[in-house]
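Thanks for making time this morning.

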Amino acid sequence: MNKLHRVIYSLRNSRKLTPPLVTIPINTKQRIIRSYNQAHNDKEFVKVPAVINEQEDHQYEEDIKKRIISKALDFVPTKGWSVDALAQGAEAAGYPGVAHGLFPNGGGDLVHYFNVSCNERLVNEMKSWPKEELKDNKVPAQMIENAIVSRLLMIEPYKSTWPKAMAIQTLPNNVPNCLATLLSLADDICYHTGDRSVDFNWYVRRVGLAGIYKASELFYLTDNSQNCTSTRNFVKSRIRDAEFIQMALNMNPVAVAPQTLTAAFVTAKNILGMNTVK
């Protein structure tokens, strides 16, 4: 148990950590007294170990982290996606500022928590939408458009600081979480808009949707139109392009496969920020 975890455990139990209790038999009755820094080898002494339920301790730590990081989002508009925001969030949650050490990736953990939370919110919203099964490999364009736009609008409270968040996500130690949340988002949108494919289209739709979302995200940051109408039109155009690709795949999947794989590779490079101008 490292120093920070000792502090948290001490806070949880509202006392300092002490050695185990010792039982001493007195007049055929047992009374419990404290023993500090003493070794007892006599068989008459029975040690009562301090029982720590590791699972409960881990859950308690996760609850603390969740309270801190949710509070930290309130300070992002002024402190950015940074350790300072986490420290302020810890103090707002009633913990010392040094508790930000629970988040080794600093701002990266804060961005990841925000993305995961937004994805969960979107899934809950989509569950209430009318279900539509895909027929003849057609893309439910309107539902996908609504899902992408709804997800983008969740960034609105942090729009001014989001470019920094996108930069943080491209750092090597944050890339796995970034890709995981993006692909999870694409999979959730496809599934809840009726996609039940189990063939090559499963991969094409999800990689293509991930590319559409990232492109729309960049456009959204520069959109100053009323009610983000320009962003919605941009998303609609990208989905229309995806429909053309889907039609081409359905007509001649073998001939189009190389171009599709190349497009998927370029999309992955764009997501990782590898297509930079040199």
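In this predicted model, the largest nonpolar core has 47 residues, and those with the most contacts inside it are I68, W81, L110, F114, I148, W162 and I189. Helices 2, 4, 5, 6, 7, 8, 9 and 10 each supply at least two residues of this core, and the largest share, seven residues, comes from helix 5. As a general remark, nonpolar side chains in soluble globular proteins tend to be buried together.

Let me take W81 from that list. W81 sits in the loop between helix 3, residues 76-79, and helix 4, residues 83-92. Is W81 buried or exposed? Its relative accessibility is 4%, so W81 counts as buried. If we leave aside its neighbours within four places in sequence, W81 is in contact with L73, V76, G107, L110, V111, F114, Y158, T161, W162, A165 and I168. With T161 there is also a polar contact between the side chains, at 3.1 Å. As for separation along the chain, W81 and K164 are 83 residues apart in sequence, yet their C-alpha atoms are 7.3 Å apart in space.

Helix 4 is followed by G94, which has a positive phi, near 95°.

I148, another residue on the core list, is among the buried residues of helix 6, together with M143, I144, E145, A147, V149, R151 and L152. Leaving aside neighbours within four places in sequence, I148 is in contact with I189, L209, I212, Y213, S216 and V235. The geometry of helix 6 can be checked as well: at 1.5 Å a residue its 13 residues should span 18 Å, and the end C-alpha atoms are 18 Å apart, so the two agree.

On the cysteines, the structure holds zero disulfides. C118 counts as buried because its relative accessibility is 1%, and C190 counts as buried because its value is 4%. C228, in the loop between helix 9 and helix 10, is buried as well, with a relative accessible area of 13%, and its phi is positive, near 55°. N227 is found in the loop between helix 9 and helix 10 too, and has a positive phi of about 60° although it is not a glycine; N227, however, is exposed, with a relative accessible area of 70%.

Finally, the charged pairs: how many salt bridges does a search of the whole structure find? The search finds seven. In one of them, the side chains of D195 and R205 meet at 2.9 Å, N to O. D195 lies in the loop between helix 8 and helix 9 and R205 in helix 9, so this pair ties together parts that are ten residues apart in sequence. D187, D195, R205 and R206 are linked in a network of salt bridges.

Key. Residues are numbered from 1 along each chain as its sequence is written. This is a predicted model: local features need pLDDT of at least 70, side-chain atom pairs count only at pLDDT 80 or more; totals for chains, interfaces and linings use all residues. Side-chain values use heavy atoms; hydrogens and water are left out. Helices (H or I, at least four residues) and strands (E, at least two) are DSSP runs, numbered from the N terminus. Buried means under 20% relative accessible area, exposed over 50%, partly exposed in between (1.4 Å probe, protein chains only). Contact means heavy atoms within 4.5 Å. A polar contact is a pair of N or O atoms within 3.5 Å; within protein, one must be able to donate a hydrogen and the other to accept it, and residues adjacent in sequence count only if both atoms are side-chain atoms. A nonpolar core is a set of buried Ala, Val, Leu, Ile, Met, Phe, Trp, Tyr and Cys residues joined through side-chain atoms within 4.5 Å. A disulfide is a pair of cysteine sulfur atoms within 2.5 Å. The expected span of a helix is 1.5 Å times one less than its number of residues. A salt bridge is a side-chain nitrogen of Lys or Arg within 4 Å of a carboxyl oxygen of Asp or Glu.
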